[in-house]
Amino acid sequence: MAQHFEVSSNQGDEAWTPLQLIQKLQGTQGVFTTGGERIDAALLAACPDLKICANMAVGYNNFDLEAMTCAGVLATNAPEVLTETTADFGFALMMATARRLMEAEHFLRAGLWTRWRYDLFAGADIHGSTLGILGMGRIGQGIAKRGALGFGMKVIYHNRSRLDVATEIDCRASYVSKQELLKTADHLVLVLPYSPESHHAIGAPELAQMKPTATLVNIARGGIVDDCALALALRNKTIAAAGLDVFEGEPAVHPDLLRLPNVVLTPHIASATLPTRLAMANLAADNLIGFLKQGKALTPLNPEVLLKR
Ligand code: DGY
């Protein structure tokens, strides 16, 4: 970007307050965000020169899209380049959770392994089990294919809108109600976007409908799961285990989750491979360059802003 613009950057990766962010953005026309910076009406009003915010993330719940469109500020995200990497990770987290990988590793490292036992860290099978997916976008479809084609899983999904028949056949996935999904899945993976509607989509009432042997994986966004209710369900064993890559109020993690053995915790790394993170960064940079130099963007979220120019 330095070949095209005068760039100032947060190389120290400091956590800026909203006020600091406003101060840093004075006089700037474009901002490259990583998904944690809130871009809302207050910031837009205080940064009148801003024309584009390019998120290096597919999720954009840090953007108030309506306020950005009203202010004539283009929003872009970074879809597709991370789909397969994130689906890989969702699958890995599901397997680690079902097969109790972290618990077993900690046990071994702590020197507690004295002999082979028939029930030592006995977990749940992946192959032949029922995989439930809540949120069947590109990443959900990638996980469905891995489960159906690679592990012989029966795949069921629920989504705001049902997929077309060809895509369902391609993913070997059947559409069910949310209730059916909760009741039937052996392994439930959450891949839906965060919005006020999806806030606490999995809370105490939903957890109560799941099988006591079921596992839950969240690679979507914190806030989709009520972490407090989940910690209680894990403690009471109303579900068997969970794998979480995202948390309500992250980087803070609910203290009860930190204490529980039957939860695998990772720090929001589902898309973290070097090639994918580079592709995400390049896409965000290309959006900034394309828009500020030529009025074009590859992945606009509010294309009406482009049309108005
Ligand atoms: C995304 O792209 O939305 C990932 O969660 C990284 O923020």
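The chain has a mean pLDDT of 97, with 100% of its residues at 70 or more. The model is predicted, and local features need pLDDT of at least 70, side-chain atom pairs count only at pLDDT 80 or more, and totals for chains, interfaces and linings use all residues. Residues are numbered from 1 along each chain as its sequence is written, and side-chain values use heavy atoms, with hydrogens and water left out.

The ligand is surrounded by A57, V58, G59, L82, R221, H268 and M280, a residue being counted if one of its heavy atoms lies within 4 Å of the molecule. This shell consists of four nonpolar, two polar and one charged residues; Ala, Val, Leu, Ile, Met, Phe, Trp, Tyr, Cys and Pro count as nonpolar, Asp, Glu, Lys and Arg as charged, and the others, Gly among them, as polar. A backbone N or O atom lies 2.7 Å from a ligand oxygen atom in V58 and 2.9 Å from a ligand oxygen atom in G59. For R221, a polar side-chain atom is 2.7 Å from an oxygen atom of the ligand. The protein buries 86% of the 230 Å² that the ligand exposes when taken alone, with accessible areas from the Shrake-Rupley method and a 1.4 Å probe.

The second largest pocket holds about 240 Å³ of space. On a 1 Å grid over the protein atoms alone, a pocket is an open set of points where a 1.4 Å probe fits, with protein on both sides within 12 Å along at least five of seven lines, and lining residues have an atom within 4 Å of a point; the volume is the space filled by probe spheres set on the points. Of its 16 lining residues, M102, H106, L260, P261 and V263 are the closest to the centre. Helix 5 (101-109) provides the largest share of this lining, four residues. By class, the lining comprises eleven nonpolar, three polar and two charged residues.

Two backbone features concern P251 and D13. The E250 to P251 peptide bond is cis, with omega near 10 degrees, and P251 lies in the loop between strand 9 and helix 11.

Terms used. Helices (H or I, at least four residues) and strands (E, at least two) are DSSP runs, numbered from the N terminus. A polar contact is a pair of N or O atoms within 3.5 Å; within protein, one must be able to donate a hydrogen and the other to accept it, and residues adjacent in sequence count only if both atoms are side-chain atoms. pLDDT is the predictor's confidence in each residue, from 0 to 100.
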